[in-house]
Amino acid sequence: MTVRSVRLVAALALAAVLAGCGYNDFQRLDEATKSAWSEVLNQYQRRADLIPNIVSTVKGEAAFEQETLTKVIEARSRATAIQVTPETLNNPEAFQKFQAAQGELGSALSRLMAVSENYPNLKANQGFQDLRVQLEGTENRITVARNRYIKAVQDFNVLARSFPTNLTAMIFGYPAKPNFAVANEAQISAPPTVSFDKPASK
């Protein structure tokens with residue numbers, strides 16, 4: 001057997017081993033998570049881009065609650081200041097920090113929209129209403145993008161933790177990826193308090 005034949009057989013054997021150990025699946029699913037993550041970032045950026053227009057419109061309402069507006073501006077600043085890199089997907093701490101900043105921004109925006117209901121001029125402002133519709137559409141897109149990312153990470157993590165592909169994950173450095181979590185998980189996991197006592201009569 002010639003050296004060339006030996007190399008060819010070795011290459012074919014290696015290809016067969018890699019195909020059977022899930023290596024190619026890791027490549028495919030890793031790319032799928034990156035693609036899904038890019039869409040999440042795209043929608044978060046879309047939301048961040050809407051905020052200056054919303055803030056500008058709300059500022060036109062002289063009596064609007066300044067504290068609510070300030071919280072939105074500060075939350076946007078913190079959310080956009082976080083540098084997101086491909087490594088963020090494999091760093092649970094950085095991922096949690098990013099998620100917390102986006103959650104804070106979402107909460108501040110929700111508060112802003114709720115408070116705006118108390119201002120007839122804003123409710124009658126067509127520009128503000130258009131921005132509200134765009135924001136609601138963006139929040140829906142964020143939800144869809146996050147759900148796709150959650151599914152992509154789930155598929156990747158199942159492969160990374162299953163035998164024998166978990167051995168491939170260890171050899172080639174494919175740790176399980178962090179996923180989105182509910183910010184107030186402890187709060188919502190506690191059963192609600194239900195009382196059938198009648199309120200005290202006044």
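Q: A salt bridge is a side-chain nitrogen of Lys or Arg within 4 Å of a carboxyl oxygen of Asp or Glu; how many does the count come to by this rule?
A: The count comes to 11 salt bridges. Please keep in mind that this is a predicted model, where local features need pLDDT of at least 70 and side-chain atom pairs count only at pLDDT 80 or more, while totals for chains, interfaces and linings use all residues. Residues are numbered from 1 along each chain as its sequence is written, and side-chain values use heavy atoms, with hydrogens and water left out.

Q: What makes Asp30 and Lys177 a salt bridge?
A: Their side chains meet at 2.9 Å, N to O, and that is within the 4 Å of the rule, so the pair qualifies. The two residues sit in distant parts of the chain, 147 residues apart: Asp30 is in helix α2 and Lys177 is in the loop between α7 and α8 (185–189). Helices here are DSSP runs of H or I with at least four residues, and strands are runs of E with at least two, numbered from the N terminus. Both Asp30 and Lys177 are buried.

Q: Why is Gln43 called buried?
A: Buried means under 20% relative accessible area, exposed means over 50%, and partly exposed lies in between (1.4 Å probe, protein chains only). Gln43 has 6%, so it is buried. This residue belongs to helix α2 and touches Thr138, Arg141, Ile142 and Ala145, leaving aside residues up to four places away in sequence. Contact here means heavy atoms within 4.5 Å.

Q: How do you know that the length of helix α2 agrees with its 37 residues?
A: The expected span is 1.5 Å times one less than the number of residues. For residues 23–59 that gives 54 Å, and the end C-alpha atoms are 54 Å apart, so the two values agree.

Q: Where does α2 bend?
A: α2 bends by about 25° at Ile51, with Pro52 following within four residues. The bend is the angle between axes fitted to the seven residues ending at a residue and the seven starting there.

Q: What do Arg78 and Glu104 form with their side chains?
A: They meet in a salt bridge at 2.2 Å, N to O. Arg78 lies in helix α3 (residues 66–81) and Glu104 in helix α4 (residues 92–116), so this pair ties together parts 26 residues apart in sequence. Arg78 has 38% relative accessibility, so it counts as partly exposed; Glu104, at 35%, is partly exposed too.

Q: Is Arg132, with a relative accessible area of 13%, buried or exposed?
A: Arg132 is buried, because its 13% falls under the 20% limit. Arg132 also forms a salt bridge with Glu117, the closest N and O atoms being 3.1 Å apart. Arg132 lies in helix α6 and Glu117 in the loop between α4 and α5 (120–124), so the pair links parts 15 residues apart in sequence.

Q: What makes Phe163, Leu167, Met170, Ile171 and Phe172 a patch?
A: A patch takes residues with over 30% relative accessible area and no salt bridge; like charges are joined within 9 Å, nonpolar side chains (Val, Leu, Ile, Met, Phe, Trp, Tyr) within 5 Å. Leu167, one of the five, has 39% and is partly exposed, so its area passes the 30% limit. Together the five residues have about 600 Å² of accessible area on the surface, from the Shrake-Rupley method with a 1.4 Å probe, where only the protein chains shown count as cover for residues.
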